[in-house]
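Please look at the sequence and the model together before reading on.

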Amino acid sequence: MTATSSHLLNGRVVPMRVIVAGVHRTGTLSVRAALWQLGFHDCYHMHTAQANGAVDGPQWARAFAAKYAGKGTFTRADWDQLLGHYQAVCDLPAAFFSAELAEAYPEAKVVILNRDAESWYGSVLNSIYKHLFQASAWAKAQMIYRLILDPCTRGSMQMSSWFKVAMPYDHGKEKDKAIAWYEAQYDEFRARIPAERRMEYSVKDGWEPLCKYLDVPVPMVQDGESGKMVVAPFPHLNDRETFTPNAMAMKNKGMERAHDNLFKLIGKATVLGATGYGLVWAWKSRLGGRL
């Protein structure tokens, strides 16, 4: 049995083909959509981690503990178990482990996803930071409600609680530290991933260099007016204008799951209460018949 077939039997269902080494707000959701369009099904993204939080969250927490606290190990077998259904990875939390993933999967190609540091800082400040750290009291109360009643939210929180360890600064108050962290991440990518295995890329570069590096054809679509085949538009998703609606949609899904679990608990309590009342009534009736 080959090493590859062995991994297929132990957690890896599809081969890992692309590792996108690029932190949050560098165009990761656009690249995920682009990779899907190019046939890399599927690409693990922060949205995936949140949707699978109940199962994936504890595994990511183990990976963080191994890297940042020296507690235990996280081997290729562990990565296969966590990411075995994905042919690519991008965005957080995977980006924290881009170098480790490149070492675990030497057969995968690596895309260094770049963005100007100042532009990145402003994007995070006006999206993620505002959403998470300037939330209203009502939004914080809703988060507590989801944590109590939604296992998916709890798992995601178990994972994201390590983000402060991996990013030890206040983004809104410590700009210099934030940019220094950002640059250090890319220094690590380039220091630990051999140059012959990686490509420098930005979403502004479009299809051609990405497709050439990944050895896939540039996607074409039929023009509605001329009927001719033309290059497909490159996806540009989750920009600053769409971040808040996307974040709200994820929160609403968590609220729906929490509501469903609350109603299930109420239903169970009602059934148990009614059953208990019925048993007490039956017992008293039986005793009454004997008196």
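What covers the buried residues of α12? The cover includes β1 (18–21), α2 (28–37), β4 (109–113), β5 (198–201) and β7 (229–231), with contact meaning heavy atoms within 4.5 Å. This is a predicted model, in which local features need pLDDT of at least 70, side-chain atom pairs count only at pLDDT 80 or more, and totals for chains, interfaces and linings use all residues. Residues are numbered from 1 along each chain as its sequence is written, and side-chain values use heavy atoms, leaving out hydrogens and water.

**Helix α12**

- Helix α12 spans residues 207–214, and Trp207, Leu210, Cys211, Tyr213 and Leu214 are buried in it (under 20% relative accessible area, with a 1.4 Å probe and protein chains only).
- These residues lie on the same side of α12, because they cover an arc of only 165° around the axis, taken from the directions from the helix axis to the C-beta atoms.
- Glu208 and Lys212, on the other side of α12, are exposed (over 50%).
- Asp215 follows α12 and has a positive phi, near 60°.

**Helices α4 and α5**

- The axes of α4 (residues 53–68) and α5 (residues 76–83) come within 10 Å and cross at roughly 155°; axes are lines fitted to C-alpha atoms over the stretch in contact, and angles run from 0 to 180 degrees between N-to-C directions.
- The two helices, α4 and α5, are therefore roughly antiparallel to each other (angles over 145 degrees).
- The contact involves Asp56, Gln59, Trp60, Arg62 and Ala63 of α4, together with Asp78, Trp79, Gln81, Leu82 and Leu83 of α5.

Technical notes. Helix = DSSP H or I, 4+ residues; strand = E, 2+ residues; numbered from the N terminus. Parallel < 35°, antiparallel > 145°, perpendicular 65-115°, else oblique.
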